[in-house]
Amino acid sequence: MAGPDYGALGATFKIVRLLQVISLLGCIGMAANFISEMVSQDNSPSEELVGTLSVTCIAILYCAITVILHIDNILPYLVNTGVDGLMLIALSVVAIVVGKPLSYLDCQAVGTSSVAESTSQLGSELKDTFNKQGGRVAYSNWIGASKTTCYEMKAIWGLSIALCKTVPPKDMA
């Protein structure tokens with residue numbers, strides 16, 4: 001990958017952005033899968049998952065833009081620092097909102113599920129545990145529908161916490 005040679009700081013910037021993109025892609029994939037399952041069961045997805053998907057999509061777009069600007073040597077580092085701070089706040093909110101009910105949930109104690117669990121089986125489990133209020137899925141009930149759902153939501157929570165910890169260096173000038 002070409003671009004300006006800022007030495008170790010420039011390499012660190014690129015590596016951290018790559019790690020952020022990998023974590024964000026994981027969050028996007030899992031959150032989008034959950035939303036797809038909810039919609040396929042004729043339910044409105046939970047606000048927590050829609051918010052998670054929105055924030056992570058914006059964050060991955062921001063990562064791509066900053067890497068391109070860095071490679072072209074036109075990245076304004078002061079503005080980058082401010083927007084990185086805003087992304088930190090948004091990802092912190094995601095970690096708090098997603099993690100609040102998850103912190104009390106023991107995935108081992110949740111009902112059994114297998115790796116080969118189909119969407120229809122998950123859908124029947126969800127229909128039994130959904131707390132529908134105007135067709136909207138209650139997030140706190142949905143995360144306890146199966147072990148798989150619980151572990152995947154904890155993965156999203158863990159990745160969002162990790163994303164709050166990866167702030168690249170700014171002083172490259």
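Predicted model: local features only at pLDDT ≥ 70, side-chain atom pairs only at ≥ 80, totals over all residues.
Author: Local features here need pLDDT of at least 70, side-chain atom pairs count only at pLDDT 80 or more, and totals for chains, interfaces and linings use all residues. Residues are numbered from 1 along each chain as its sequence is written, and side-chain values use heavy atoms, with hydrogens and water left out.

Reader: Why is α2 called roughly antiparallel to α3?

Author: Helix α2 (residues 47–71) and helix α3 (residues 77–102) pack at about 160°. Angles over 145 degrees count as roughly antiparallel, so α2 gets that label against α3. The angle is taken between N-to-C directions, on a scale from 0 to 180 degrees, of lines fitted to C-alpha atoms over the stretch in contact. The two axes are 10 Å apart.

Reader: What makes the contact of α2 with α3, by class?

Author: There are 12 nonpolar, 4 polar and 2 charged residues. Ala, Val, Leu, Ile, Met, Phe, Trp, Tyr, Cys and Pro count as nonpolar, Asp, Glu, Lys and Arg as charged, and the others, Gly among them, as polar. Val55 of α2 and Leu91 of α3 are among the residues making the contact, where contact means heavy atoms within 4.5 Å.

Reader: How do you know whether Leu91 is buried or exposed?

Author: Buried means under 20% relative accessible area, exposed over 50%, partly exposed in between (1.4 Å probe, protein chains only). Leu91 has 7% relative accessibility, so Leu91 counts as buried.

Reader: Which residues is Leu91 in contact with, leaving aside neighbours within four places in sequence?

Author: Val55, Ser160, Leu163 and Cys164.

Key: Helix = DSSP H or I, 4+ residues; strand = E, 2+ residues; numbered from the N terminus. Parallel < 35°, antiparallel > 145°, perpendicular 65-115°, else oblique.
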